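Hi,

Here is the structure I promised to pass on. Have a look at it first, and then read my notes below.

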Amino acid sequence: MSIRTLDDLLAEGVSGRRVLVRADLNVPLDKQTGDITDDGRIRAVLPTLGALVEAGAKVVVCSHLGRPKGKPDPQFSLRPVAGRLGELLGAPVHFATDTVGDSARSTVAGLADGQVALLENLRFNAGETSKDNAERGAFADQLVAFGDAYVDDAFGAVHRKHASVYDVPARLPHVAGRLVLREVEVLSRLTSDPERPYVVVLGGSKVSDKLAVIEALLPTVDRLLIGGGMCFTFLKAQGLEVGTSLLEKDMVETCGNLLERAAGKILLPVDVVVADAFAPDAAHDTVRVDGIPSHRLGLDIGPETVAGFAAALSQAKTIFWNGPMGVFEMAAFANGTRGVAEAITKTDAFTVVGGGDSAAAVRALGLDESSFGHISTGGGASLEYLEGKTLPGIAALEN
């Protein structure tokens, strides 16, 4: 793979030049207060932005947040992000109240060398996510007016064929930012020749969301540990009662086939925490997987499963983890995710947390991020990379 990097761009000199940076600032916001609840994605882009600022570039940052319907929606404004980004950079970030309109033009025109501007949410414009090439291209044409060069540092968006990810780099000199480069280097270690034993931990709610990556990983992994809501469809495939737990009935046969083909590679829970309701204060206790009551639902893996998973992980030399083991947002059902995460940190393996809810869990549970080899910023992008798919944003940088 041949991709020009940020260091290549810096070597050419960026002082006084406008550099358009596609970042992934899609952070969670508190619905009541609008405050940022996890600034991990903002901090992840700081090495790239800091290097450009130090080199005297006029830095124009663009990003999406949430899923607005192609028009302005105040609840998805990037304004709070501009404030937090400024705090982390130690200098004000100039905020444009639109993406390619009058405010954006005047904000970018007013930048001095080493200053940063943030454009309003890209997805306030229908052209950003359009499947029509002409509409997407027309929006890209407006964006490129703000840059003399383009840096993609939004790994969490590289699996999207969107204007700012795919069409803009076709129109400007383009490089990969520090974050994107690091993500590709790390994930390529998992796909090329991982040190063995190679153990993958998958969680989350639905088998259907992870089926493609399971299919891709089964031939290459040594053990595949499955927890989270998705485990109940596998347990059902073994003929077990799963009560009112999350179940994808149309995936039961598929899971059964996977278990047959896996030749003992797949490790499923042996005990789970069941509750009367999906609520933080619901009555709950731990039962064996062959004793789940018909009126209760599983919301976490149990302590015996955590111990079994930890034993499998302790032998690993390479670990990839994607998806929580239970409803970690509720304290009563967070022990499984915490236990597996802590077991991963105690190994000597090269460890990768595959973004999304797993990365959120690491921070929400107060775990030391530095105890993991790498925490990806892109859940969907990292899974698609491991599936062997062509990621539009990476392909655009290679061209």
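Let's start with helix α5 and what covers it: the cover over its buried residues includes β1 (18-23), β2 (58-62), β3 (93-95) and β4 (116-118). Contact here means heavy atoms within 4.5 Å, and buried means under 20% relative accessible area, exposed over 50%, and partly exposed in between (1.4 Å probe, protein chains only). Helices (H or I, at least four residues) and strands (E, at least two) are DSSP runs, numbered from the N terminus.

Before going further, keep in mind that this is a predicted model: local features need pLDDT of at least 70, side-chain atom pairs count only at pLDDT 80 or more, and totals for chains, interfaces and linings use all residues. Residues are numbered from 1 along each chain as its sequence is written, and side-chain values use heavy atoms, with hydrogens and water left out.

Back to α5, which spans residues 102-109: Ser103, Ala104, Thr107 and Val108 are its buried residues. Looking down the axis, these fall within an arc of 120° (taken from the directions from the helix axis to the C-beta atoms), so they line one face of the helix. Asp102 and Ala109 are exposed on the other side of α5.

Helix α12 (residues 252-261) has Cys255, Gly256 and Leu258 buried. Their arc around the axis is only 160°, which puts them on the same side of α12. They pack against α10 (207-217), α11 (231-237) and β9 (266-267), while the face turned away from the buried side carries exposed Glu253 and Glu260. Just after α12, Ala263 takes a positive phi of about 50°.

Now for a charged residue on the inside. Glu120 lies in the loop between β4 and α6 (126-129). A salt bridge is a side-chain nitrogen of Lys or Arg within 4 Å of a carboxyl oxygen of Asp or Glu.) The backbone nitrogen of Leu78 does lie 2.9 Å from a polar atom of the Glu120 side chain.

On to the nonpolar cores, meaning sets of buried Ala, Val, Leu, Ile, Met, Phe, Trp, Tyr and Cys residues joined through side-chain atoms within 4.5 Å. The largest one has 68 residues, and Leu119, Leu224 and Phe234 have the most contacts inside it. Helix α9 (residues 178-192) gives the most to this core, with five residues. Apart from it lies another core of 31 residues, with Val21, Leu25, Val59 and Val151 among them.

Last, the salt bridges: the count comes to 20. In one of them, Arg178 meets Asp7 at 2.5 Å, N to O. This pair links distant parts of the chain, helix α9 and helix α1 (residues 6-12), 171 residues apart. Another joins Arg296 and Asp285, with the closest N and O atoms 2.6 Å apart. Arg296 sits in the loop between β11 (284-288) and β12 (297-301) and Asp285 in strand β11, so the pair ties together parts eleven residues apart in sequence. Arg296 counts as buried at 8% relative accessibility, whereas Asp285 is partly exposed at 34%.

Cheers

Methods. Polar contact = N/O pair within 3.5 Å; in protein donor to acceptor, adjacent residues only side chain to side chain.
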